[in-house]
Amino acid sequence: MFSTLHPSGLIIPVFGPALPQGVIVRAVAAGSFEAVTRRLGILHALREQGVPVWNDARAIERCVDKSMTSFLIARAGIPTPDTWAIEGRAEALRLIRRETLRGPLVLKPLFGSQGRGLKLIRTPAELTEEETCAGVYYLQRFVGGAGPDHCDFRVLVSGARIIAAMRRRAAHWITNVKQGGRPEAVELDAELAALAIRSMAAVGVDFAGVDILIGRDARPYVLEVNSMPAWSGLQSVAGIDISEAIAVDFLAAVEERLRSRRSG
């Protein structure tokens, strides 16, 4: 909790009067806007107190908000589908009438994960009402193919290295494992590995799941960067213990921070 009576401004009961030497965030529990804001505030405060946080609140906020992720990836010159985030159905309809002339778009929840709530938009009539997306329409150009076999890549990066990767195959264009995608082991080529690491750096995360799709034009596109990635599907085809690999990187980062403090 926050407490201005405490020297650090924070009280974390299991640590007594001290703060942890490091924090690794696997999930931020759902709750009211106020509750989630306070939880992220705790992570911000820990970082302000010099505690290494993987991933810190700023990184989580950048990834949870898909529009900010897209902005940062595109700004870094990383190939990503054309993307728009618009408030209001009328504005979204105007964009869809124009852009669907060039092909379909994908409507995604601005805050969402595991392939839930995705919809392919081919005509303005397919656009959902505002209440289904809280008034904000996040739209990406659909760059996938039209065949019966759809696939993309999930790449887990940690500490600027590739931990594991998989190809996800599905009969449907949504390839997430939670939506029925089938994980397959894969050896990434140098281009995809470099894209994943560049995407991680652009968003400012310490570890992440990066989703990459080879478009119908044979070019790779980074779709998303996930700061709190699930990895049960990836673990089923990975040759290493993913949790252990991330823990090793995290502990090395904490130790490096402690050495820097001692030497400074």
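Which elements each supply at least two residues of the lining of the largest cavity? They are α3 and β11. Before we go in, some ground rules: this is a predicted model, where local features need pLDDT of at least 70 and side-chain atom pairs count only at pLDDT 80 or more, while totals for chains, interfaces and linings use all residues. Residues are numbered from 1 along each chain as its sequence is written, and side-chain values use heavy atoms, with hydrogens and water left out.

**Stop 1: the cavity**

Select K66, T69, S70, I73, Y138, L223 and E224, which line the largest cavity. A cavity here is a set of points on a 1 Å grid over the protein atoms alone where a 1.4 Å probe fits but cannot get out, and lining residues have an atom within 4 Å of a point. The space inside is about 30 Å³, a volume being the space filled by probe spheres set on the points, with points joined across faces, edges and corners. α3 gives the largest share of the lining, 4 residues. Helices (H or I, at least four residues) and strands (E, at least two) are DSSP runs, numbered from the N terminus.

**Stop 2: K108**

Now pick K108, in strand β4 (residues 105-108). Is K108 buried or exposed? K108 counts as buried because its relative accessible area is 6%; the scale is under 20% for buried, over 50% for exposed and partly exposed in between, with a 1.4 Å probe and protein chains only. Show its side chain and that of E224: they make a polar contact at 3.3 Å. That term means a pair of N or O atoms within 3.5 Å; within protein, one must be able to donate a hydrogen and the other to accept it, and residues adjacent in sequence count only if both atoms are side-chain atoms. Leaving out residues up to four places away in sequence, K108 also touches others, including K66, Y138 and L223.

**Stop 3: the largest nonpolar core**

Next, select V155, V157, V205, V210, I212, V222 and V225, which touch the most other members of the 21-residue largest nonpolar core. Such a core is a set of buried Ala, Val, Leu, Ile, Met, Phe, Trp, Tyr and Cys residues joined through side-chain atoms within 4.5 Å. Zoom in on V222: beyond its neighbours within four places in sequence, its contacts include I73, L195, V210 and I212, contact meaning heavy atoms within 4.5 Å.

**Stop 4: helix α5**

Where does α5 begin? Look for D189, which caps its N-terminal end, with a side-chain oxygen 3.2 Å from the backbone nitrogen of E191. Among the buried residues of α5 are L192, L195, S199 and M200. The buried residues of this helix pack against α2, α3 (66-75), β7, β8 (161-170), β10 and β11.

**Stop 5: helix α2**

Jump to D56, the cap at the N-terminal end of α2: a side-chain oxygen lies 3.2 Å from the backbone nitrogen of R58. Colour A57, A59, I60, R62 and C63, the buried residues of α2. They pack against α1, α3, α5 and β11.

**Last stop: S3**

Finish with S3, in the segment before β1 (23-24). S3 counts as buried because its relative accessibility is 15%. Aside from neighbours within four places in sequence, S3 is in contact with G9, L10 and I11.

Key. On a 1 Å grid over the protein atoms alone, a cavity is a set of points where a 1.4 Å probe fits but cannot get out, and a pocket is an open set with protein on both sides within 12 Å along at least five of seven lines; lining residues have an atom within 4 Å of a point.
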